[in-house]
Every structure is written in C-alpha cells, then in structure tokens.
Amino acid sequence: MKALLLENIHPDSVGIFTSGGFEVDRRAGSLLGDDLVSALADVTLLGIRSNTKLTAKVIEAAPDCLLAIGAFCIGTNQIALEAARARGIAVFNAPYSNTRSVVELAIAEIVALSRRLGDKTGQMHKGVWNKSADGSHEVRGKTLGIVGYGNIGSQLSIVAEALGMHVVFYDIADKLALSNARHCDSLDELLGESDFVTLHVDGRPGNAGFFGRAQIDAMKDGSALLNLSRGFVIDVDALADALRSGHLSGAAIDVYPREPENGQPFVSPLQGLTNVILTPHVGGSTLEAQVDIAHFVSNKLLDYVTAGTTVMSVNLPNVAAPPIEGHRVALVHRNVPGVMAQLNAALAEHQANIGFQSLATQGEVGYVLTDVTYDIPGLTRRLQAMRDTIRVRIL
Ligand SMILES: NC(=O)c1ccc[n+]([C@@H]2O[C@H](COP(=O)([O-])OP(=O)(O)OC[C@H]3O[C@@H](n4cnc5c(N)ncnc54)[C@H](O)[C@@H]3O)[C@@H](O)[C@H]2O)c1
C-alpha cells in the first residue's frame, strides 16, 4: 500500500507509515486538479496540509483504492468533506495538537503586555534608552478572565495560576472549573473584574462579532485584551478606539478578520498603537505542534486502515473498537432502514458468530464494524452488491 504525503509533512510520518507496511512518497509541494488525481492512481492514504485543495471534483475522480485522507493541520476547510463521506473516504485531522503552543503564547503575551515589552524593545531597536517602571506590573495577583473554557482556555487556566494569577472564566457550556479557577455566570461579570480578558471561543457562526464595542466598554479601565481564537469575533475598530482613548492599556492579537497570504501586505486599524502586540496567526505554530500533528494524524490513519476505527474522523460516523477478534467487516453505507438486517442475514447464513458489533450514523451515512470468527467466502462481493453499500472492507 502506498501513502502520498504532500506539503512537507513532518518526516516522523514517514517512519510511522513505513513501519505500518506502507511505501511512502513524501513531496515538498502541493498538487492541483488533474495532477493531483493522477498522483492518486495507486494511493491508499493521502496526507495534506492547508494548501492542497481537495475539491468535490478531485474526490469524485479519486481511485477506489483511496481509503483515507489525513489533514496534517487543524482546519479541514480545504477538503470537500461531504464528497469524501459520500465515497466512504475517511478524513482525520489534529484538532488539539497545538493547544499547548497557543497557551504558551498567551502566557508570554500577558507578561509582555504587563511590562510593555513590545514598545520597550521597539524603542531599543531605534536607539532609545527609556528605563522606567511607568505602566509596568507583575502579573502575580492579577485576574485573568478566560472567555471560552475549552481545550485551550482550560489549559491556560492551569498555567496562569502557576504564575500566581487569579482565574475566572465564562463559557456558554457547563464546564468543570480546574484548580482554583472560578466560573462567572455572565460575560459582564467576568469583564467587570478581569485585568486581562483572553478569548478562546470556537468558530461557530454565532460568535461573529460577539466581542463588540459594548463588551470592550464593559472591560475594566486599564485592562488588556487578547484574542488568539478567531479573527471575526472582535470588533477591531472598537478595540482600536478603546486603546487610543486609554480605556484599555494594551492588546495582543493573533487572528484577524482578513488575513493575507504569506508575503502579502497586512493592514489593520491596530497598527502603530501603543502596547499592542500583533502576531501573524502563529499561536499554534511550533515545531512541537508539527511533530504532535504528524504522530496523531498518522496513527489515526493507520488505525483506520488496520482496525477500521474512525474515532475523531471529521466526516465518517465515529466507531471505536477493541482489537480484532478473527475477521472484521467494515461497512460504510447509506443510513437507511434494512442495512443491518441484510448484513446480519448474510452472516447468519454462514452461521458466523458475531464477537463484536458497533454501529454509528451521521446524517446520510452509517458505519458498522462487525467481528466474525472466520473469513466467510464471497462475503465482500455479497455486501458490495447491497444497494446501500458505499464501501466494504474485510480486515
Ligand atoms: N491562534 C491560533 O493559532 C490557534 C490555534 C489553535 C486554535 N485556535 C482557535 O482557538 C479557539 C479555541 O480552541 P479550542 O481547541 O480550545 O476549542 P474548544 O472547542 O475546545 O473550546 C471552545 C470553547 O468556547 C466555548 N464557547 C463558544 N462560544 C462561546 C461564547 N460565545 N461565549 C463563551 N464561550 C463560548 C465553547 O463552549 C467551548 O468550551 C478556536 O477558535 C480555535 O480555532 C487558534
């Protein structure tokens, strides 16, 4: 079996696939359209990052041997997930591999804002020596307000407490408070008591512009705002006004409503303002995160090939399974009545004992794993002939 890895995926993946019995073709660049389809001719697993566009057209033209796609990154917008699901091609990504990287940047920025490091180092590079304690503070004893207490928010909570900060958080979902962190009943409660407010909400459509002028006005005088979540959650013009008026003492922003391609000009109303740290969406960009992504996604793909498990697949129903006992039938099918009856009838005819069976459905697609004690002759052909089968494999 062959794995095609595009876009310079971390070399650790090569070792993982090779030891899993794969021949690996690792390339530096991405491929487009027909070139991509031709390169897939004998490929079982495809690994990409964000530059390879897997459109519905490419996925529909891909050969049947393509079992799964690994997005060796966080987002999956570059993949036509529905088209892949319709063909029974599983897609995996690495949503949490860079959690720690984002947390560490947020911590660094909280300290940097407290000591006005951005401005101080900027002055030094221009030859200005300005030794002064004005506007410089320790973070110990200050209150950090975390909005969105998910993977990143909750880990930030632990690390910030280790620096002696008080942590309060607000989340629309019920979340367990870690360590001494305290849950706020409303966003306004959090804004009214936080010296630093940091946004770690997800990208659901309802969050567009949710942190606007009213929320910025409700922050404490002299407090600072961080956004390392999504660019569209903040009203950047309102933030710029609050910084210019002195209502806020600083801001650290990593994500923007419009982010240019590498090398293209970046324009923002926040440019040139005092004590404002601007970074080009690098919160999760560390070598450690890349290594973690390589291991996480490669192992998910191998587990899918060898055991059929789809835990954390972003487009197929998630099915976990114990180690295979005998033979495993992996059936991706249309989610309509009667498929399970047909599958189990086929097994019953051969008096095959089912050792394990698990079904999950998601929208129009179902996925079932079934362990039987022996390799039933002709089973693949019979299941392939069922009207609602999308893909069948015997492992
Ligand atoms: N800057 C970067 O490079 C970088 C890297 C990784 C992730 N991110 C972004 O960071 C954000 C958080 O990532 P995560 O893995 O912690 O996500 P997550 O899904 O684990 O957590 C998000 C949390 O926000 C909560 N939430 C959603 N809307 C809310 C609202 N309006 N008010 C309060 N709480 C709300 C959710 O209930 C959830 O608990 C995401 O937007 C992600 O895209 C950025």
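**Close-up 1. Ser179 sits in a loop between two strands.** In this predicted model, Ser179 is found in the loop that links β7 (166-170) to β8 (182-183). Strands here are DSSP runs of E with at least two residues, helices are runs of H or I with at least four, and both are numbered from the N terminus. Ser179 has a phi near 50°, which is a positive value in a residue other than glycine. Is Ser179 buried or exposed? Ser179 counts as exposed because its relative accessibility is 55%. (Buried means under 20% relative accessible area, exposed means over 50%, and partly exposed is in between, using a 1.4 Å probe and protein chains only.)

**Close-up 2. Arg116 has a positive phi too.** Look in the loop between α5 (99-115) and α6 to find Arg116. Its phi is near 55°, again a positive value in a residue that isn't glycine. With 22% relative accessibility, Arg116 counts as partly exposed.

**Close-up 3. Glu138 pairs up with Arg140.** Glu138 belongs to the loop between α6 (117-125) and β6 (143-147). The side chains of Glu138 and Arg140 are joined by a polar contact of 2.9 Å. (A polar contact is a pair of N or O atoms within 3.5 Å; within protein, one must be able to donate a hydrogen and the other to accept it, and residues adjacent in sequence count only if both atoms are side-chain atoms.) Glu138 is partly exposed, because its relative accessibility is 48%. Now zoom out to Val14: Glu138 and Val14 are 124 residues apart along the chain, and their C-alpha atoms are separated by 46 Å.

**Close-up 4. Asp195 reaches out to Thr143 and Lys220.** Asp195 lies in the loop between α8 (187-193) and β9 (196-199). Which residues is Asp195 in contact with, leaving aside its neighbours within four places in sequence? They are Lys142, Thr143, Lys220, Ser223 and Ala224, where contact means heavy atoms within 4.5 Å. A polar atom of the Asp195 side chain is 2.7 Å from the backbone nitrogen of Thr143. The side chain of Asp195 also makes a polar contact of 2.9 Å with the side chain of Lys220. As for Ser223, it is 28 residues from Asp195 in sequence, yet their C-alpha atoms are 4.6 Å apart in space.

Close-up 5. An N or O atom in the side chain of Asn151 is 2.7 Å from an oxygen atom of the ligand. For Ile172, a polar backbone atom is 3.4 Å from a ligand nitrogen. On its own the ligand has 870 Å² of accessible area, and the protein covers 87% of it. (Accessible areas come from the Shrake-Rupley method with a 1.4 Å probe; for residues, only the protein chains shown count as cover.)

**Zooming out. The protein chain has 13 helices and 16 strands.** Of its 395 residues, 47% are buried. Its C-alpha atoms fill a box of roughly 80 × 45 × 35 Å, taken along the principal axes.

**Notes.** Residues are numbered from 1 along each chain as its sequence is written, and side-chain values use heavy atoms, with hydrogens and water left out. Local features need pLDDT of at least 70, side-chain atom pairs count only at pLDDT 80 or more, and totals for chains, interfaces and linings use all residues.
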